[in-house]
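Hello,

Here is the structure you were waiting for. My notes follow below it.

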Amino acid sequence: MTSTPQAVRRASPRKRRPATPAAPDPSAVLLPQAEPVRLLNPDGSPLPARADYPEPPVAALREMYRRMVVGRRFDAQATALTKQGRLAVYPSSRGQEACQVGGVLALRDDDWVFPTYRESMALTARGIDPVEVLTLLRGDWHCGYDPAVRRTAPQCTPLATQCVHAAGLAYGESYQGRDTVALVYIGDGATSEGDFHEGVNFAAVFKAPVVYFVQNNRYAISVPLSRQTAAPSLAYKGVGYGVPSEQVDGNDPVAVLAVLHRAVAHARAGKGPFLVEAHTYRMEPHTNADDQTRYRDADEVEAWRDRDPIARLESYLRARDVLDDAAVAEVAEQAEAYAARLRERMNAQPTVDPLSLFEHVYAQPTPQLVEQREQVRAELAAAREGDA
């Protein structure tokens, strides 16, 4: 007979250990929203208020409206001056007024702006003399304004080079205990350049107070966005460098200013850089030398007219009873007077010394530059002798 154990312990169910909580995703705080931030519908009607992006004060929105209207009139006048031969080239920013003005209004006067060649409207909105702004595009001078005085770097044609310059300046300011912020305007095409990645990476590692403001206007000259990135949006390019990012409807002036206020506050608080991508559209050709019909059709351009940032903000301010016909007319008169003064001053032929071309290229001129300067000096002397 087989013996039976004196006591058979009943098998108790195995206790389950509490599930280990998933480690927080470190990239979550860096990711932009899945859809661009928008506070106004295209017709100017408001969307529900958002705690993460509170609406800017009405006074700021009214000033934004004024500068956008004046800026668009300046842009149209500059385009006309190009057709009249007064400018060698002009890259219009029509359609991008909310970005151009919003970037400036989000800053303090002692902050720095690093523009591209397309930011003429932004520079005039910052209060820089429009003739000084257009001096570069007229071919008279490397930069018509004093960058140190205006806290604005020279406009640059090479793509993304200012991304590195801004990171260095912002880091230097922070190192010296100042809370200066540098805002960098760049286009969608510039995000494919090495300087963009080097600048963002440096700023992230050293917590430089920089806001990288990408105006995604759909085309890098004639190259569409689909040939620039396979990412859901350009805003995601900040994540790999540990930079918090956001995307915004770049034709919604209220949202642009709200998002940039948060980005600037983040940088000023010593938290490092912030990347903002604004979805907008360039209504005019890349420059007056561009044939836009080769890469986009008229229907596409026309569809974006319904998203006009100026009309959008005007409709919203009217609905809030803070803008009326008289105020709109007054701003329009200011814009016309601004354009008239610009036209009159630009029609005066400037006196230019050809040898000034060699000034301010290097602190200490290189031997090659000295040689080139002397060649020009000799040619000018020979021309004068021939006229005598």
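A pocket here is an open set of points on a 1 Å grid over the protein atoms alone, where a 1.4 Å probe fits and protein lies on both sides within 12 Å along at least five of seven lines; lining residues have an atom within 4 Å of a point. Volume is the space filled by probe spheres set on the points, which are joined across faces, edges and corners.

This is a predicted model: local features need pLDDT of at least 70, side-chain atom pairs need 80 or more, and totals for chains, interfaces and linings use all residues. Residues are numbered from 1 along each chain as its sequence is written, and side-chain values use heavy atoms, without hydrogens or water.

Pocket first. The largest one has a volume of about 260 Å³. Its lining has 23 residues; Tyr117, Arg118, Leu159, Gly187 and Asp188 lie nearest the centre.

Next, salt bridges (a side-chain nitrogen of Lys or Arg within 4 Å of a carboxyl oxygen of Asp or Glu). The count is 22. Arginine 108 pairs with aspartate 110 at 3.0 Å, N to O. Arginine 108 also bridges to aspartate 179, with closest N and O atoms 2.7 Å apart. Arginine 94 and glutamate 284 form another, at 3.9 Å.

On accessibility, buried means under 20% relative accessible area, exposed over 50%, and partly exposed in between (1.4 Å probe, protein chains only). Arginine 108 is partly exposed at 31%. So is aspartate 179, at 37%. Arginine 94 is partly exposed too, at 26%.

Best wishes
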